[in-house]
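Let us walk through this structure step by step.

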Amino acid sequence: MTTLRWIDYAVMLAYFAFVIGIGAALRRYVRTSEDFFLSGRSIPAWVTGLAFISANLGAQEVIGMGASGAKYGIATSHFYWVGAIPAMVFVGLFMMPFYYGSRARSVPEYLKLRFDEKTRGLNAISFATMTVFSSGISLYAMGKLLNLLLGWSFDASILVAAGIVLAYIFLGGLTSAIYNEVLQFFLIVFGFAPLVFLGLRDVGGWAGLAQRLAGVAAVNGYAPGAYTRSWAFMGHASQNPVGVEWFGLVMGLGFVLSFGYWCTDFLVVQRAMAANSMTAARRTPLIAALPKMLFPFLVIIPGMLAMVVTSRSAVRPAIASAQATGPAPGALVAPAAPAIGSDAPAPGGGGGIVPAKLDPRTGEPLRDARGRVVLDYDLATPMMLVHFFPAGLLGLGLTALLASFMSGMAGNVTAFNTVWTYDLYQSYVRPGAPDAHYLAMGRYATVFGVAISVAAAYVAASFNNIMDFLQLVFAFVNAPLFATFALGMFWRRATGHGAFTGLGAGTLAAAAHHGLSLPAGAAVGVKGGYLGVVTTYPSELAQTFWTAIVAWVTCFVVTIVVSLVTRPRPADELRGLVYGLTPKPEDRARRWYERPAPLAVVVLTLTVLLNLVFF
Amino acid sequence: MRLDLRTPLGALFGMVGALLAGYGAATLGQPGTAPTGIPIDLVWGLVLLGFGLTMLALARRARRDSAA
């Protein structure tokens, strides 16, 4: 168990004081519901851009991408260079003119303007439910990690974090969330950059890391570069640790899931809608794309390093002493690791400093079907922090970790209070009330959004499979949504009945495909196969990508078919909502980098270069 | 903009940087404070301090420009 010193606590307390202080300072600027929910559309592009990326920088990003880095290597960068940047460019160039130009206050409200009330209602209910559960899962993961890492009380950890997020959103609304997200962005960058530097220095730079990971690849039956080259082994699913071939990757991740998330998820789109002009709104995802493409170096490389860092490396005294005396049950200490340069698996099956996953009943390491120890990859990044950081810097690293959890939660809560107030309460419960009433409702929604998140954290703690189940539901709902938006924005013939039926059919098709398929080695249940196993996939990711493809294609086809047999809306009603009926936005900015199109070219060129460098 | 974000950003990082650099200087040479041979608290504290001061200077210049 890691013991913190006063300096670590001082760094954390300074951060907590500033985030609440920002909320208090912004309270006097919140006078209308638009101020609270949309920041009065007054925020400059650089701030909304960094908030756009930070709202997505939750636990899944920092812990999850570190875990994937340890498990899959540099191929995890596909989640950025294929699975994020192209979609961010697309939403900035082509979709933001409709979101921002239509003056819709939320993504579900755009669906109402473009299609009809029932399509908005369906999207609003599913989105509001998903946001509070996502927020709860983020809280649960944080409480569990702090309990394991520092021995802090699970209850106290989630209540304090939830209380801080509640305080700053309640006071300053979306502006406060956005300002704090920018603060959290810089904290995450400055908290993790030295980890990458120290880790790479310890293993002899990128060349040293590649050499050691070649050993890990050999042990797992892959070619030497399988963990350090992103495309070279994507020809066949069996040749790479991800277990996916290039077509499934590009179509499933790069197209359906990526565009489904970045182009339609109100959590991120809301940041751009708070920008102070159309040009600023369009530049928001493009500005976000610049740091986003560099994030693999910050969050994936620590995971890769965790697989090869050894006990001969620089080890903090606390860990060294814990190893000398033997770990307490459940304590987070580095396991014995293979000698430098050795290809042999670690005693007990640990990989580098990634500990084995323990059976909660027996305390023994879990083993897979082939008898190999299952590693707890989620601990890869936290292990790196306690392994390399001395007191002081450890406080900064842990604060960065807390910031990532809190920014993820705040993003969900601000999206929830807006959708609840505008799309559900104002539409179905109490339409026509004074603006002050909706402002007050937004604050109440913040309180009960946080309260439901805390409850969801306890639900997640009680059920082993709840997180897998919810991730599944998110995939079912999000994947077909992009087909609805793509047709809605770029095909004027698409109708409300078509959109509604297509969304339902897409979700059902996703459930059917998932129920009829199973990843290799998984048991029938929440992982799939509950309708009978018709096909198996080499990995869970491959199954997810293909489920998304099936959902998207079904939604796309059904929406077109139903639209063609139902009556479209007159063209006059669709101006500003559909491409072809909306004037192209003019960018009057003087400097080239203030205009979206040249910025998009730069972003895409850099992304192609990064793919080539790590090919 | 209502509150120049660079002000709290600069103040937080300036403060944390000063804390870290001060702690790093005070514990210089003690075991466990220099992984891989670098006094990282001191070095990174100075980096954070520099970033914080830059942000504060930019916020101050923007205030002066808008007042002029």
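Domain bounds here come from an automatic or database domain assignment. Chain A is divided in this way into domain 1 (1-460 + 585-615) and domain 2 (467-583). This is a predicted model, in which local features need pLDDT of at least 70, side-chain atom pairs count only at pLDDT 80 or more, and totals for chains, interfaces and linings use all residues. Residues are numbered from 1 along each chain as its sequence is written, while chains are lettered from A and ligands numbered from 1 in the order in which they are written.

Take the two domains of chain A. Their centres, taken over C-alpha atoms, are separated by 25 Å. Two residues are in contact if their C-beta atoms, placed from the backbone, lie within 7 Å. On that basis, 36 residues of domain 1 of chain A are in contact with 28 residues of domain 2 of chain A.

Which helices supply at least two residues each of the domain 1 side? They are α6 (85-101), α7 (107-114), α8 (117-150) and α11 (246-264) of chain A. Helices (H or I, at least four residues) are DSSP runs, numbered from the N terminus. α11(A) gives the most to this side, with twelve residues. By class, the side has 22 nonpolar, ten polar and four charged residues. Ala, Val, Leu, Ile, Met, Phe, Trp, Tyr, Cys and Pro count as nonpolar, Asp, Glu, Lys and Arg as charged, and the others, Gly among them, as polar.

Now to chain B. Its 23 residues in contact with chain A meet 29 residues there. α1 (6-26) and α2 (40-67) of chain B are the elements that give two or more residues to the chain B side. The largest share, ten residues, comes from α1(B). This side of chain B divides into 17 nonpolar, four polar and two charged residues.
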